[in-house]
Amino acid sequence: MAVLPILTYPDPRLKQVSEPVERIDDELRAFIADLEETMRAGPAAVGIAAPQVGRFQRIVIVDVSGARRANPDHHGRMVLINPEITEWEGLEVGREGCLSVPDYTGKVVRARRITVRALDEHGRAREYRCTGYEARAVQHEVDHLDGILFLDRLVSRRADLFRRR
Ligand code: NI
């Protein structure tokens with residue numbers, strides 16, 4: 001396994017739209033293991049998306065189990081291949097960071113509850129209902145697959161963007 005280099009803002013590749021995964025095989029699983037190791041090496045990271053390491057395929061990993069802000073009903077480690085958010089409910093403002101925007105956090109509006117459908121790394125269909133911080137993390141990571149950063153969702157950079165100390 002390996003920690004992969006992360007693309008950081010304003011790298012234009014972060015705006016690229018990723019392609020669906022067509023084949024789930026050992027090569028892909030090895031990549032997912034590297035992607036997960038890269039996430040776990042990041043400071044307090046709760047998610048990562050494949051395009052952040054320059055692989056433009058629709059793969060994200062989310063794991064909020066180490067976060068104090070996580071609801072107790074979170075799902076732990078989720079590998080989401082070709083994820084589709086199929087339901088949204090409620091809105092909530094919360095603080096987000098990103099491995100690709102290391103020096104800032106921002107206040108972003110997200111749905112409070114979502115349903116997400118995806119394949120896992122063995123090609124099995126999964127459906128998760130996520131709330132709170134986990135729902136936020138999934139929405140943030142799925143945005144990466146469409147070339148969207150949390151910076152793009154700030155209402156006001158002046159009011160909603162914060163430099164990390
Ligand atoms: Ni991010």
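Start by selecting Arg68, Arg69, Arg95 and Lys107, which form a positive surface patch. A patch takes residues with over 30% relative accessible area and no salt bridge, joining like charges within 9 Å and nonpolar side chains (Val, Leu, Ile, Met, Phe, Trp, Tyr) within 5 Å. A salt bridge here is a side-chain nitrogen of Lys or Arg within 4 Å of a carboxyl oxygen of Asp or Glu.

The model is predicted: local features need pLDDT of at least 70, side-chain atom pairs count only at pLDDT 80 or more, and totals for chains, interfaces and linings use all residues. Residues are numbered from 1 along each chain as its sequence is written, and side-chain values use heavy atoms, leaving out hydrogens and water.

Zoom in on arginine 69, in the loop between strand 2 (59-62) and strand 3 (78-96). Its relative accessible area is 48%, partly exposed (buried is under 20%, exposed over 50%, partly exposed in between; 1.4 Å probe, protein chains only).

Next, pick Leu91, Val93 and Val109: this nonpolar surface patch has about 290 Å² of accessible area together. Valine 93 sits in strand 3 and is exposed, at 55% relative accessibility.

Finally, go to the nickel ion, coordinated by Cys98 (SG), His140 (NE2) and His144 (NE2) at 2.1 to 2.3 Å. Donors are N, O and S atoms within 2.8 Å of the metal (3.2 Å for Na, K and Ca); water is not among the atoms, so sites may look incomplete. Along the chain, the donors are spaced C-x41-H-x3-H. Cysteine 98 lies in the loop between strand 3 and strand 4 (104-119) and histidine 144 in helix 2 (residues 132-145), so the pair ties together parts 46 residues apart in sequence. Both cysteine 98 and histidine 144 are buried.

Conventions: Areas by Shrake-Rupley, 256 points an atom, 1.4 Å probe, with all protein chains shown as cover. Lys, Arg positive; Asp, Glu negative; His and termini not counted. Charge placed at Lys NZ, Arg CZ, Asp CG, Glu CD. Helix = DSSP H or I, 4+ residues; strand = E, 2+ residues; numbered from the N terminus.
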